[in-house]
Amino acid sequence: MVAAFGRSGATRQCDLRHSNAHIAVHNDHQRRFGEGEDPMMGMIQQARAFLGARAPAPAWPPRCLSLGLQGGGSFGAFTWGVLDRLLEEREVRLDAISGASAGAVNAVLLASGMIEGRAEAQARLARFWKRMSHAASFLPATSPAAAAIGGGFGLLPRLSPYLLNPFDLNPLREALVAEIDFERLRARSPVKLLIGATRVRDGHLRIFRESELSVEAVLASACLPLIHHTVEVEGEPYWDGGYVANPPLIPLVLASEAANVLVVQVTPTKVERLPTTPREIARRIDQINFNSTLNAEIGALKVAMGLGATPKLRRLRIDQISAQDEFEGLAEENAANLGWDFLERLRESGRGAAEAWIAQPAAQA
């Protein structure tokens with residue numbers, strides 16, 4: 001049976017009938033781990049354990065899935081490929097998606113397209129990345145507008161964007177407005193969205209939920225302050241969400257009803273040689289910084305899962321797909337490169353990685 005997206009209301013649920021691994025359904029307003037757990041199901045699990053009976057193996061790929069999408073400039077085209085392949089799995093239902101920077105952009109594109117169906121979500125992602133590549137092809141690589149499009153690491157000298165880009169040129173805004181009806185997305189998002197931005201005033205994470213989203217909220221999530229003008233939302237200034245959560249994982253687990261979370265990591269974790277030039281050093285510093293928040297949240301969740309702190313955590317499974325594992329030489333590439341050949345290669349790598357994740361035997365999963 002093909003499940004439909006877009007259930008709304010306070011009890012928007014994933015269809016958990018296909019997997020005994022999914023025990024409870026949580027209301028949207030519940031935020032603490034373990035709320036809403038069914039005590040009867042817990043007693044059944046305890047009885048199975050006492051009798052030495054094994055629980056039925058969960059279906060694979062999981063019938064209900066949440067996604068954490070990392071940011072990383074043009075490397076986000078890898079995530080485009082992952083999403084493109086996942087959308088072809090009609091029995092896999094997406095419950096919640098968190099994202100920062102390019103991950104946030106991919107998340108809102110997918111959600112807005114899914115209002116009209118999976119095919120439109122695929123088409124919208126493709127149009128957006130094509131549009132960004134087309135816009136970049138008309139700009140010199142060192143121009144402020146090119147930097148605004150690519151959001152790259154170490155692309156320009158470390159000068160204020162208010163001097164380099166006094167008119168705040170940001171073609172990303174135009175591309176988002178062209179592809180996304182934010183009023184419609186706020187009213188009808190078929191998945192829960194958690195878009196992260198860094199509040200400049202105190203350095204804390206701000207999560208924009210689907211009912212709050214605007215083009216400014218997405219731009220705030222992707223605002224690298226050495227390239228872009230600071231983005232204000234309701235008078236509050238924000239920078240790139242990747243500085244504090246890349247992507248927001250603990251908030252995703254709290255909001256999600258799915259027992260399975262898939263994290264798509266696009267920022268390289270390792271380099272083969274020591275960075276020596278200013279550009280190489282700046283790029284590596286950015287890579288380390290943008291991965292450190294992800295590593296911290298995964299570490300915290302692993303500790304909580306190991307302790308079995310709540311029924312929700314006891315059944316939680318977190319998988320990762322890493323772009324660096326699939327795309328040779330990614331650590332040496334420029335995250336501001338929006339050349340179409342490069343984006344297509346990233347997309348195909350993402351599709352291949354998602355295919356391998358989907359195709360793994362249920363016993364291994």
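View 1. The model is predicted: local features need pLDDT of at least 70 and side-chain atom pairs count only at pLDDT 80 or more, whereas totals for chains, interfaces and linings use all residues. Residues are numbered from 1 along each chain as its sequence is written, and side-chain values use heavy atoms, with hydrogens and water left out. A salt bridge links the side chains of R124 and E120 at 3.0 Å, N to O; the term denotes a side-chain nitrogen of Lys or Arg within 4 Å of a carboxyl oxygen of Asp or Glu. Because they are 4 residues apart in helix α4 (residues 118-136), about one helical turn separates R124 and E120. Helices (H or I, at least four residues) and strands (E, at least two) are DSSP runs numbered from the N terminus.

**View 2. The salt bridge between R127 and E120.** E120 also forms a salt bridge with R127, in which the closest N and O atoms are 2.9 Å apart. E120 has a relative accessibility of 18% and therefore counts as buried. R127 is partly exposed because its relative accessible area is 36%.

**View 3. The salt bridge between D319 and R317.** The side chains of D319 and R317 meet in a salt bridge at 2.8 Å, N to O. With 12% relative accessibility, D319 is classed as buried, while R317, at 24%, is partly exposed.

**View 4. A nonpolar surface patch formed by V200, W239 and Y243.** Together, V200, W239 and Y243 have about 230 Å² of accessible area. Patches consist of residues with over 30% relative accessible area and no salt bridge, like charges being joined within 9 Å and nonpolar side chains (Val, Leu, Ile, Met, Phe, Trp, Tyr) within 5 Å. Accessible areas come from the Shrake-Rupley method with a 1.4 Å probe; for residues, only the protein chains shown count as cover. W239 belongs to strand β6 (residues 236-240) and is partly exposed, with a relative accessible area of 30%.

View 5. A258 is located in the loop between α10 (250-255) and β7 (260-265). A258 counts as buried because its relative accessibility is 6%. Although A258 and D95 are 163 residues apart along the chain, their C-alpha atoms are separated by 6.6 Å.

How values were computed:
Buried < 20%, exposed > 50% of the residue type's maximum accessible area, 1.4 Å probe, protein only.
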